[in-house]
Amino acid sequence: RDLREAVEAARRRRAHEGRGTLLFVDEIHRFNKAQQDILLPHLEAGVCALVGATTENPSFEVNAALLSRVRVLQLRPIELRELVALLRRALEDEERGLGARKITADDGLLAAIANTAQGDARRALGALELAIDLVPEGERVLTREVAAQAVGGRALRYDKQGEEHYNVVSAFIKSMRASDADAAVYWLARMLEAGEDVDFVARRIVIFAAEDVGNAEPQALPLAVAAAQAAHQIGMPEAVLPLTQAVLFLALAPKSNAALTAYAAARKEVLRSGSLDVPLAVRNAVTDLMRDVKYGVGYKYPHDFEGGVVPGHQSYLPDALRGLTLVTPSSRGWEAAASARLAALRAGKAEEPGPEGQ
């Protein structure tokens, strides 16, 4: 209602006085999509100019139609030295600040207070004001003990539904993918210490094991699943141990995304070519009629051949797709050794020793 009244007042001002209106909407992300849509026709007609402020990523929280009609200006966290200067002015300003208390504090202590604010001037000033209020009457020096009492535990910036959530999760996954164990365990700790759901973290670890490690290290997925089950069973804080074990294993393991790329290629082909016929050779001939129409004719039983592999490799893809390659094994770990062994057997060579651990 307030928004409609403000827009109507702007329309009358423009019509009768020829004056424009600057409409400022604080925390615009709290408006739902329908409420944001109310502004569109008035912006297009020039009834008012909109300035919206939000602490969230506008790509997620603001309508695409509205976003396309505005200019986005990103406000970044204030630098530590600038926050210290701000706190110093607030501490010494007798008219608008806290100077009337005549309390002193060294720059190191102000920097410690500013550091807990994570670039937020309002939070830094609030912490300083609380610290000054906690200084006993008659004392004139802000001590580290009093400051620590004022700021309490440092709150980690981590919104489970907002941009920071996605940023941290992305950094976590990409650190494991890059085999950066230090970064991977750091981002794991960032999520868990900020209160992220343990089961969510565990699911991401299991998915990563199949998507980015795969058969380059076949133990990755069982270990990830075991870590997820253990974390769910024992809960926090001990859940950090199996999760950390899994993260370190995955970060240090050889990597393969063959499962991801193979399924994506197969899905694309299925959607393109539709329900192609199953080759006769691999159909089960369970009745006389099926045998009469050649079900199972030409099928070679792999266990009858050396190494359990038919030399020359008869493709079981539909006839229209013979020769199509969907799977590209990596050249790493177990997957590479298994692929080389299979290629040798299909070429009719003597069976070679299996991959380590087979």
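## Nonpolar cores

Phe172, Met176, Val201, Ile205, Leu243, Val247 and Leu250 touch the most other members of the largest nonpolar core, which has 28 residues. Such a core is a set of buried Ala, Val, Leu, Ile, Met, Phe, Trp, Tyr and Cys residues joined through side-chain atoms within 4.5 Å; buried means under 20% relative accessible area, exposed over 50%, with a 1.4 Å probe and protein chains only. At least two residues each come from α10 (163-177), α11 (181-193), α12 (198-213), α13 (220-234) and α14 (240-252), and α12 gives the largest share, eight residues. Helices are DSSP runs of H or I, at least four residues, numbered from the N terminus.

The model is predicted: local features need pLDDT of at least 70, side-chain atom pairs count only at pLDDT 80 or more, and totals for chains, interfaces and linings use all residues. Residues are numbered from 1 along each chain as its sequence is written, and side-chain values use heavy atoms, with hydrogens and water left out.

## Helix α14

The buried residues of α14 are Pro242, Leu243, Ala246, Val247, Leu250 and Ala251. They fall within an arc of 165° seen down the helix axis, so they line one face of α14; the arc is taken from the directions from the axis to the C-beta atoms. Leu241 and Leu252, on the other side of α14, are exposed.

## Asp212

Asp212 lies in α12 and is buried, at 8% relative accessible area. Its side chain joins that of Arg177 in a polar contact of 2.7 Å (a pair of N or O atoms within 3.5 Å, one able to donate a hydrogen and the other to accept it; residues adjacent in sequence count only if both atoms are side-chain atoms).
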